Amino acid sequence: MAIGTAAGLFSGLFGVGGGSVIVPLLILWLGYGERAATATSLAAIVFIAAFAAAIQGVYGNVHVSDAALVGVPAVGGVLAGTWLAQRIHVRVISLLFAALLLASAIELALQ
Amino acid sequence: MIWLILIGLAAGVIGGLLGVGGGILFVPGLVIVAGLTQHQAEATSLLAIVPVALVGALNQDRYGNVRRRDALRIGVLSLAGVAVGVAFANALSATVLRDAFAVLMVVIAGQLVRRALHTSTADKPA
């Protein structure tokens with residue numbers, strides 16, 4: 001209940017799925033392993049993002065064609081990503097992605 | 001347009017690997033590359049996340065990694081939080097929302113680093 005509410009607030013506010021909230025909470029509170037938390041979080045995000053997109057649609061903020069341009073290729077990407085996740089250690093990827101996030105945050109703040 | 005597709009591809013791979021829907025890359029991508037406002041980018045990101053998370057979840061489910069009951073419970077119980085979060089986002093100015101998002105990205109970067117450094121036996125396949 002608390003996880004759902006927290007993830008929903010977070011997702012609605014920031015336009016992200018909420019995985020960064022759900023995954024650590026599943027691990028900390030419910031004793032999930034990393035992989036099960038990641039997978040379960042993805043499934044929960046389907047509902048969360050659909051709710052949030054629908055409500056944002058009411059506000060008139062959703063650009064459907066841009067969403068398709070980003071979202072459809074991302075489906076191919078996610079297939080490759082989940083395939084890879086079963087086979088490699090994600091530690092190095094996490095660190096690289098953290099660096100990319102920092103760079104993007106700076107870029108965004110300077111916009 | 002090609003950049004949007006590339007952002008989608010990259011975000012998908014990372015989302016599949018790290019278990020996020022990709023929004024943390026969609027939003028800055030849509031702002032920086034597509035020139036959407038922060039509000040439009042967040043809203044558009046949410047829609048783009050749906051097919052990504054769906055395919056990712058189905059895929060993970062084949063590996064037996066999804067705990068369906070918990071996923072459903074979290075998803076359904078999120079609705080109230082989502083409504084409040086979206087209303088709050090739309091009440092904020094673009095500048096405030098954008099800076100908050102930049103802070104979020106830094107926080108998530110820190111979280112990833114911590115996770116990567118502490119990942120141990122819990123990372124074994126289920």
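Me: What makes up domain 1 and domain 2 of chain A, and where do the bounds come from?

Reply: In this predicted model, chain A is split into domain 1, residues 1–62, and domain 2, residues 63–111. The bounds come from an automatic or database domain assignment. Between the centres of domain 1 and domain 2 of chain A, taken over C-alpha atoms, the separation is 16 Å.

Me: Which elements does chain A have, and what box do its C-alpha atoms fill?

Reply: Chain A has five helices and zero strands, and from the N terminus on its elements run α-α-α-α-α. Along the principal axes, the C-alpha atoms of chain A fill a box of roughly 40 × 35 × 30 Å. Of its 111 residues, 59% count as buried. Among contacts in chain A between residues at least 6 apart in sequence, 34% join residues at least 24 apart.

Me: Why is Val55(B) called buried?

Reply: The criterion for a buried residue is 20 or more other C-beta atoms within 10 Å of its own. Val55(B) has 22 C-beta neighbours inside 10 Å, and therefore counts as buried. This residue lies in helix α3 of chain B. Leaving aside residues up to four places away in sequence, Val55(B) touches Val75(A), Val78(A) and Leu79(A).

Me: What makes Val31(B) count as buried?

Reply: Val31(B) has 23 C-beta neighbours inside 10 Å; the cut-off is 20 or more, so Val31(B) counts as buried. The residue is placed in helix α2 of chain B. Not counting residues up to four places away in sequence, Val31(B) touches Leu108(A) and Gln111(A) in chain A, and Leu36(B), Gln38(B) and Ala41(B) in chain B. Val31(B) and Gly16(B) are 15 residues apart along the chain, and their C-alpha atoms are separated by 22 Å.

Me: How many residues does each chain bring to the contact, and which helix of chain B gives the most to its side?

Reply: Chain B brings 94 residues and chain A brings 82 residues. On the side of chain B that touches chain A, at least two residues each come from α1 (2–18), α2 (23–32), α3 (38–62), α4 (68–77), α5 (79–91) and α6 (94–118) of chain B. The helix that gives the most to this side is α3(B), with 21 residues. By class, the side of chain B that touches chain A holds 61 nonpolar, 24 polar and nine charged residues.

Me: Which residues meet where α3(A) and α5(B) touch, and what are their classes?

Reply: From α3(A), Ile48(A), Phe51(A), Ala52(A), Ile55(A), Gln56(A) and Tyr59(A) meet Leu79(B), Val82(B), Ala83(B), Val86(B) and Asn90(B) of α5(B). This contact of α3(A) with α5(B) has nine nonpolar, two polar and no charged residues.

Note on methods
Residues numbered from 1 in each chain as written. Chains lettered and ligands numbered in written order. Predicted model: local features only at pLDDT ≥ 70, side-chain atom pairs only at ≥ 80, totals over all residues. Contact = placed C-beta atoms within 7 Å. Helix = DSSP H or I, 4+ residues; strand = E, 2+ residues; numbered from the N terminus. Nonpolar A, V, L, I, M, F, W, Y, C, P; charged D, E, K, R; others polar. Buried ≥ 20, exposed ≤ 12 C-beta atoms within 10 Å, placed from the backbone.
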